[in-house]
Amino acid sequence: MNLARRYLVPGLLLACPIAVLLMLRLVPRLDVQFFDAGVHLVVIVGIATCAFATAAVAVAGARRAEHPGPVWLGVGCAGVGVLMMGHGLMTPGVNGREFTQWVTRFPHLAMVVFAVSLVIAGRRADWGPNRVVARFPLGSALVLVAPMVALLMWALVDDQALGAGTPPRYEESLFDVVSVVTIVLLLIVMVTHSRRWHLGRDIVQLAIVLAAGMSIAAVTAFQHGRFTQLSWWDYHAYLLAGFGAAVYAVFQSGVRERAISQVLGRTFSDNPFEHIEQGYPEALRSLVRAVEIKDAYTHGHSARTARVAVEIGLRMRLDERQLRVIARGAYLHDLGKIGIPDEILNKAGRLTDEERSVIETHPQLGYELASPATSLAEALPVILHHHERVDGGGYPHGLAGAEIPIEARVVAVADVWDALTSDRSYRRGWPAAEALAHIEAGAGTHFDTRAVDAMVALAADWGVRSTDDGEADQAWHAAQTCHELDSDTTDADADLISA
C-alpha cells in the first residue's frame, strides 16, 4: 500500500500519455493531421521561454545557494531552451527552410541534456565536478551552455552540417538508443524527487517530477508519433506543461519563502531531514515559535530529537510518510508544556509527586492544542503517545507493544537519547556511551527493540559504543521531566540525579 502511494503520481504521469499515444496509433481516425509552420514556431517559443525563465532563476539563485544542484537545473533548462529554439527555427516552412535532420536532432539533444543535468544535480555536493560548479556557478553554467549555443548557430548558418541533408542510415537507430537512455535517466530523476516530495510535500519537488514525467512522455510521443499528426503534436503540449509547471513552482516557492536560492539549494540536498523541514506547515512553525517563547530549552530539545528520530527511522527503513510523521511529531512532542503552569515548568528545585502528575499531562495537552490544525493530524499520535512503554508501563493510556504507533516508539528513543546527553540545570549531560548503555538495557521493556537497534547503529556511525552495564529505569526517568525528582524516589532515581 505504501509503495503504491509512493509511486501513484509518477505512475499516472507516465501511464496517461502512453495511453493517449496508443489510442491515437490504434485508432487512425483520431490521429488527425495538421501542420502549420507558424503555429509550430509559436508553440516552441512558449516551451523555450518557460525553460529559459526557469534556467535564469536557477542560475541566479545558485550564486547564493550552498548546493551545485541549481546550476545543473539551470544548465538543463537552458539546454532545452536553446535546442528547442533550434527545433523551431529549423521547422520546414520557417524562412523558406526545407526539412533537414536537425528538426529531429534538436529535440533528442534537448531531452538528453535535461536528463543528464538533473541526474548530476542529484549527486552529492562533494562529488568532483560538483565542487567546481559550486565554486564557479555562473562561469560553469556559461561554459556548459556555450557549446549548445554554438551548435545552434552552426545549424542555422549551414543546415546541411554534419550530414543533416542526407543523414547516415544508422542515425535512426542511434535516436532509439538515445531515447531509451534519456527515459532511464528521467525515471531516476522521477524516483529521486518523488521520494523527496513525499518527505516534505514541497511544490518544487513535485514540479521536477512533473517535468521529468512530461519529458518522458514527450520523448515517447516524438519517437513513436506520426509526424504532423496529433500523436506527434502532443509532445509539444507535454513539454509546455512540464516546464510551465517548473516556472510556476519556482516562483511560487520563492515568493512564499522570499529566498529562491534557499528553495533551490534545498531541492537538491541529499539530506532527508532538510526536505521534511522544508515542508513544515505554517501551523507547525507557529506552534514551535510558541514553544520557544514558553521554554527555550524545550525548543532546542525538540529540534534535536526530531533530527535523531528521523535518522533512526531511516535505519529502520520506514517510508517517507512515516519519516514525515516522526519529524513533525518529534518537533511538537513537548508542545503540551505550553499549558503547564510556569511555577511547575520553571521550578528550580525538585518536583513533588503532585507536580510530577501535572507534568505528565503534557502529552494530552499537546494533543488537544495541535488537534484543531488539520495539517498536523498525522503528528497527533506521536504527540500523544511518545511517553508510552512497550511493556505497558507508560502514559497517558498505558499502551503496550504494537498498540503504540511505530512513529511514537521511534521518537521515544530519540527523546531519551537527547534527554540523557543534554545538560540540565541540575546535572551535566551523560557521556554518550553510558547513555547508549541505558537505552540498550530498556530494549523490549521500555523501548521498541528495532528502534533501539537502529539507535545503536546510528551511534556506531558517530563512533559511540555502549558500556557494558546500563539501567533502563534511569533512561526512562531522564526523559519524563527536565527537573530533579522528589526526595522519596527510588534508588535508581537517586543515582540518576547524582549522575
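**Helix 20 and helix 22**

At what angle do helix 20 and helix 22 pack, and how far apart are their axes? In this predicted model, helix 20 (residues 406-421) packs against helix 22 (residues 449-461) at an angle of about 45°, and the two axes are 9 Å apart. The crossing of helix 20 past helix 22 is right-handed.

Which residues meet here? From helix 20 come R409, V410, V413 and W417, and from helix 22 come A451, V452 and M455. Sorted by class, this contact has six nonpolar residues, no polar residues and one charged residue.

**Overall make-up**

The protein has 24 helices and zero strands. Its C-alpha trace spans about 95 × 50 × 40 Å along the principal axes.

Of the 499 residues in the protein, 54% are buried. Among contacts with a separation of 6 or more, 74% are between residues 24 or more positions apart.

**Helix 3 and helix 4**

Helix 3 covers residues 37-62 and helix 4 covers residues 69-89. They pack at an angle of about 160°, with 7 Å between their axes. An angle over 145 degrees counts as roughly antiparallel, and helix 3 and helix 4 are therefore roughly antiparallel to each other.

Helix 3 passes helix 4 in a left-handed crossing. The contact of helix 3 with helix 4 has 20 nonpolar and six polar residues, and no charged ones.

P92 is placed in the loop between helix 4 and helix 5 (102-121). Is P92 buried or exposed? Its relative accessibility is 18%, so P92 counts as buried; the cut-off for buried is under 20%.

Leaving aside residues up to four places away in sequence, P92 touches F35, A37, R97, E98, F99 and V103. One of these, V103, is eleven residues from P92 in sequence, and the C-alpha atoms of P92 and V103 are 8.3 Å apart in space.

**Aromatic pairs**

How many aromatic pairs does a search of the whole structure find? The search finds 13. In the pair of F35 and W233, the ring centres are 6.4 Å apart and the planes stand at 45°, so the pair is tilted. F35 is in the loop between helix 2 (8-26) and helix 3, while W233 is in helix 10 (residues 230-257), so this pair ties together parts that are 198 residues apart in sequence. F35 counts as partly exposed because its relative accessibility is 31%, whereas W233 counts as buried because its value is 13%.

W233 also pairs with W232. That pair is edge-to-face, with 5.4 Å from centre to centre and 75° between the planes. Both W232 and W233 are buried.

Ring pairs join F34, F35, F99, F222, F227, W232, W233 and Y235 into a cluster. Two members of this cluster, F35 and F99, are among the residues that P92 touches.

Definitions and conventions. Residues are numbered from 1 along each chain as its sequence is written. This is a predicted model: local features need pLDDT of at least 70, side-chain atom pairs count only at pLDDT 80 or more; totals for chains, interfaces and linings use all residues. Side-chain values use heavy atoms; hydrogens and water are left out. Axes are lines fitted to C-alpha atoms, for helices over the stretch in contact, and angles run from 0 to 180 degrees between N-to-C directions. Helices (H or I, at least four residues) and strands (E, at least two) are DSSP runs, numbered from the N terminus. Angles under 35 degrees count as roughly parallel, over 145 as roughly antiparallel, 65 to 115 as roughly perpendicular and the rest as oblique. A crossing is left-handed if the near helix is turned anticlockwise from the far one by less than a right angle, and right-handed if clockwise. Ala, Val, Leu, Ile, Met, Phe, Trp, Tyr, Cys and Pro count as nonpolar, Asp, Glu, Lys and Arg as charged, and the others, Gly among them, as polar. Buried means under 20% relative accessible area, exposed over 50%, partly exposed in between (1.4 Å probe, protein chains only). Contact means heavy atoms within 4.5 Å. Rings of Phe, Tyr and Trp (its six-membered ring) pair if their centres lie within 6.5 Å; planes under 30 degrees apart count as stacked, over 60 as edge-to-face and the rest as tilted.
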